[in-house]
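I opened the notebook to write down what I looked up, entry by entry. The structure comes first, then the notes.

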Amino acid sequence: MRMSKMFFKTLREDPSEAEIASHKLLLRGGFIKKSASGIYSYMNLGYRVIRKIEQIVREEMDSHDAQEINMSAVQPRELWEESGRWDTFGPEMFKLKDRNDREFCLAPTAEEFFTDLIRSDVNSYKKLPINIYQIKTKYRDEKRPRFGINRAREFLMKDAYSFDKTQEDMVASYKNMWEAYENIYDRLELDYRIVRGDSGAIGGNESHEFTALSDVGEGVITYCDSCDFSATDEKAEVAYNYDNSNEDIKELEKVETKGVKTIDDLAKLLKVDKDRCLKAVDLMVKGERIVVFIPGSRELNLTKLIKHLGCAEHEIEMMGDEDIKSMGSFPGYTGPIGLKADRLIADERVKNIKNAIIGANEENYHYMNYNISDNEKFEFVDDLLMIAEGDVCPKCGGKLEFKRGIEVGNIFQLGQKYSKSMKATFLDENGKDEYFWMGCYGVGISRTVSAIVEQNNDEKGIIWPISSCPYEAIVTIVNVKDEEQNKLAEEIYQKLLAEKVEVLLDDRAERAGVKFNDRDLIGIPLRITVGKLASEGKVEYSTRREMENEEIDASEAINKIIAYIKERKNNRG
């Protein structure tokens with residue numbers, strides 16, 4: 001492609017709304033263009049990257065016996081009502097009506113759509129297993145779109161769905177997709193971890209996330225180097241071990257704590273460990289006043305609480321001051337004694353905290369020496385805590401490591417959640433109706449673009465790996481008015497094209513500095529600069545990552561590029 005004819009615009013300055021490197025560089029490099037909050041268009045360079053990633057995904061899915069189809073992004077309400085998710089998926093779902101007042105949604109995911117497809121066309125075990133996938137734009141009305149295409153309202157996703165006749169076969173399909181995903185992210189040269197995840201709105205009992213490590217990632221993962229434990233912070237079990245249950249039980253005592261606003265202040269005033277100060281979290285859940293108690297040194301894991309309550313995240317909100325007062329309490333001083341809450345919930349391990357400190361439901365007062373066993377209204381949950389730095393591995397007791405990351409893929413064992421709710425059955429070997437065993441598998445195509453850039457950039461711009469670059473090589477003419485430079489550059493360009501190299505020729509009538517800055521910004525991996533030595537048949541050869549220039553013959557530079565690309569392709573890189 002000749003850059004003089006290319007639809008292409010770069011920005012010299014970082015856009016004001018961009019917060020992270022990938023957002024800044026993709027906008028500055030002209031890869032994406034903002035249409036509205038959380039909605040982006042892909043320009044020619046960006047779309048070439050998308051197609052590279054899609055191709056790798058297709059190759060691995062196809063080689064693992066999956067078949068590509070293309071379903072509509074517009075889904076009827078009736079299917080979502082069958083699964084029970086029309087009203088529970090939440091405000092992230094874009095809903096619309098046609099001219100006949102029939103309701104639809106723009107697909108945020110496609111479990112219902114694919115289940116309906118299979119139940120109508122597959123009626124015998126002889127047709128199983130089946131794995132079908134699509135690469136499709138999805139829509140979620142994110143409350144706070146941020147970080148560019150990393151968390152957008154419109155995004156490109158590969159979603160696949162497996163249908164099996166037994167649970168064992170479902171697990172085999174899950175392992176098959178696990179292997180495909182490892183191949184995908186290895187070929188994309190991402191630094192990633194596979195961790196246990198929470199199934200969330202998708203459902204199922206087992207899921208794993210493929211997380212690209214990044215300091216700006218919204219997700220936190222934890223893993224143990226001494227064993228195979230790994231999980232997201234939302235999923236990780238917490239080995240909480242504070243236990244003073246051997247203490248003698250003391251008499252309940254009401255004490256003044258005027259001006260105390262935090263657990264830290266309370267523990268300091270009363271000269272006790274923070275763990276002994278029970279933290280009350282006041283929540284409204286579908287009109288119910290629910291108060292959750294956890295050790296004062298910990299944070300509530302909302303994901304674990306949601307699983308216990310069987311509700312959706314959007315159905316939970318913090319109580320307002322008037323709601324707290326309606327329970328006979330006072331904001332900041334909530335305690336279980338005499339509290340008129342609809343439900344009291346506590347982490348199971350607070351039973352081991354003797355002589356605890358609690359709010360007295362009265363401004364400026366707490367109780368000392370409270371023992372939770374005194375109150376029989378509690379619902380106890382095994383684990384409601386968020387894992388934190390310093391915690392030990394719940395599996396082996398080893399040291400846990402913590403990293404931030406971007407979730408680029410997710411695999412789920414759905415079981416029979418959707419087949420049962422939607423009455424999707426097949427006839428087994430005995431002619432008996434059985435429900436399908438399902439799995440679903442997602443790759444965030446557009447989010448993967450963001451993850452690649454986050455892991456591959458410097459102060460000058462993007463450094464694309466060869467597997468996902470928009471073009472593999474770029475030939476830059478320093479002075480387009482120089483006949484020798486133009487002639488040699490054209491020869492190099494044509495020879496690379498003949499060798500099927502994806503190459504750009506920067507033949508723009510721009511200053512050399514502008515061309516070099518753009519070249520660095522858009523991050524083409526292999527570079528040839530045709531300058532003052534063109535009359536001698538010599539050029540400068542460099543790679544974007546190393547940025548080390550070599551003065552060599554043009555033929556040698558061409559051979560270097562061809563050999564580099566051939567080696568990487570042979571390694572499926």
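Entry 1, charges over rings. I found the charged end of Lys-351 over the ring of Phe-380, at 4.3 Å from its centre. Arg-146 lies over the face of Phe-147, with 4.0 Å to the ring centre. The rule I used asks that NZ of Lys or CZ of Arg be within 6 Å of the ring centre and within 35 degrees of the ring normal.

The model is predicted, so I took local features only at pLDDT of at least 70 and side-chain atom pairs only at pLDDT 80 or more, while totals for chains, interfaces and linings use all residues. Residues are numbered from 1 along each chain as its sequence is written, and side-chain values use heavy atoms, with hydrogens and water left out.

I searched the whole structure and got 16 aromatic pairs. Rings of Phe, Tyr and Trp (its six-membered ring) pair if their centres lie within 6.5 Å; planes under 30 degrees apart are stacked, over 60 edge-to-face, and the rest tilted. One of the pairs is Phe-31 with Trp-464, which is tilted, at 5.6 Å centre to centre and 55° between the planes. Where in the chain do Phe-31 and Trp-464 lie? Phe-31 is in the loop between helix 1 (21–28) and strand 1 (32–36), and Trp-464 is in the loop between strand 26 (461–462) and strand 27 (473–477), 433 residues apart. Helices (H or I, at least four residues) and strands (E, at least two) are DSSP runs, numbered from the N terminus.

Buried means under 20% relative accessible area, exposed over 50%, and partly exposed in between (1.4 Å probe, protein chains only).

Phe-163 and Phe-436 have ring centres 5.8 Å apart and planes at 85°, so I noted this pair as edge-to-face. Phe-163 lies in strand 8 (residues 154–164) and Phe-436 in the loop between strand 23 (433–435) and strand 24 (437–444), so the pair ties together parts 273 residues apart in sequence. Both Phe-163 and Phe-436 are buried.

I also noted a cluster linked by ring pairs: Tyr-174, Trp-178, Tyr-181, Tyr-185, Tyr-192, Phe-210 and Tyr-441.

I counted 1 cavity of 30 Å³ or more. The largest cavity has a volume of about 30 Å³. Phe-31 and Trp-464 turn up again here, among the lining residues, together with Leu-26, Ile-32 and Tyr-42. On a 1 Å grid over the protein atoms alone, a cavity is a set of points where a 1.4 Å probe fits but cannot get out, and lining residues have an atom within 4 Å of a point. Grid points are joined across faces, edges and corners, and the volume is the space filled by probe spheres set on the points.

For Cys-224, the nearest cysteine sulfur is that of Cys-396, 3.6 Å away. Cys-224 is buried, with a relative accessible area of 5%.

Strand 5 (residues 94–97) and strand 6 (residues 103–106) run antiparallel and are joined by 4 bridges; strands pair if DSSP finds at least two bridges between them. Lys-95 has Cys-105 as its bridge partner in strand 6. The two strands form a hairpin with 5 residues between them, and Asp-101 in the turn has a positive phi of about 70°.

Technical notes. Disulfide = S-S within 2.5 Å. 1 Å grid on protein atoms, 1.4 Å probe; cavity = no way out; pocket = protein on both sides within 12 Å on 5 of 7 lines; lining within 4 Å.
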